[in-house]
Amino acid sequence: MKMDNQLLEDLNTQLNREFYAAYLYFAMATYFTEINMEGFAKLTKNHAKEELEHARKIYDYVVLRDEKVNLLRIEAPDTNWNNPIDAINAALDHEKFVTENIHRIYKSSKEKGDFALEVFMQWFVAEQVEEEHLFQSMLDKMSYIKDCECEIVNIDRELKIENNYVE
Ligand code: FEO
């Protein structure tokens, strides 16, 4: 079944957003490395790899539907974070933005009767719940201890251990 033109455009735009997300998390990994937060750097670098996997899923799906992959220009992320909480806040904001767009594509695929795309998008709908939870829970943890920077160092140490084996 041919894809609706608008749905195909939306999917190609989402492909670009996933590549952008990988860029954003690599930029965060660079930031955390610069401020010697090795655990946060590992977490965000691993997350960048997940975003590339999301992009690959969409790429493969467009090819599977015999449609054209359209690779759009990837914007450079804004990296003016003042502290780790600021950066993780930006991650959460970005994930919320991605969720909105995933939901929009899911809704359109339903409305336009593209049931195959609807089923494909379900994986992304579920994935976004995890993505938002990851950064929201981290932010909650960091917000409680915002008056004690030494606690952020402890979280960084935990993240370093947790993310050591995810390579
Ligand atoms: Fe691919 Fe973090 O959403």
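Leaving aside neighbours within four places in sequence, which residues is His 94 in contact with? In this predicted model, the residues in question are Arg 17, Tyr 20, Ala 21, Leu 24 and Tyr 25.

**Overall fold**

- The secondary structure of the protein consists of five helices and zero strands.
- Read from the N terminus, the order of elements is α-α-α-α-α.
- The C-alpha trace spans about 55 × 30 × 25 Å along its principal axes.
- Among contacts between residues at least 6 apart in sequence, 81% join residues at least 24 apart.

**Surface and charge**

- The protein has 167 residues, of which 46% count as buried.
- Its accessible surface comes to about 9400 Å², and 53% of that surface belongs to carbon and sulfur atoms.
- There are 19 positive and 33 negative side chains in the protein.
- The centres of these two sets of charges lie 4 Å apart.

**Nonpolar cores**

- The largest nonpolar core contains 26 residues, and Phe 32, Phe 40, Ile 88 and Met 142 touch the most other members.
- Helices α1 (5-34), α2 (38-64), α3, α4 and α5 (149-163) each supply at least two residues of this core.
- The greatest contribution to this core comes from α1, which gives seven residues.
- Phe 32 is in contact with Met 37, Phe 40, Ala 41, Thr 44, Pro 84, Ala 87 and Ile 88, when its neighbours within four places in sequence are left aside.
- Another core, of 18 residues, lies apart from the largest one, and its members include Ala 55, Ile 58, Tyr 61 and Ile 102.

**His 94**

- His 94 is located in helix α3, which covers residues 84-111.
- The relative accessible area of His 94 is 8%, so this residue counts as buried, the cut-off being under 20%.

**Gln 128**

- Gln 128 has its place in helix α4, which covers residues 115-144.
- Not counting residues up to four places away in sequence, Gln 128 touches Glu 95, Val 98, Thr 99 and Ile 102.
- The side chain of Gln 128 makes a polar contact with the side chain of Glu 95 at 3.0 Å.
- A polar contact also joins the side chain of Gln 128 to the side chain of Thr 99, at 3.1 Å.

Key. Residues numbered from 1 in each chain as written. Predicted model: local features only at pLDDT ≥ 70, side-chain atom pairs only at ≥ 80, totals over all residues. Heavy atoms only, no water. Helix = DSSP H or I, 4+ residues; strand = E, 2+ residues; numbered from the N terminus. Polar contact = N/O pair within 3.5 Å; in protein donor to acceptor, adjacent residues only side chain to side chain. Contact = heavy atoms within 4.5 Å. Buried < 20%, exposed > 50% of the residue type's maximum accessible area, 1.4 Å probe, protein only. Areas by Shrake-Rupley, 256 points an atom, 1.4 Å probe, with all protein chains shown as cover. Lys, Arg positive; Asp, Glu negative; His and termini not counted. Charge placed at Lys NZ, Arg CZ, Asp CG, Glu CD. Core = buried A, V, L, I, M, F, W, Y, C linked by side-chain atoms within 4.5 Å.
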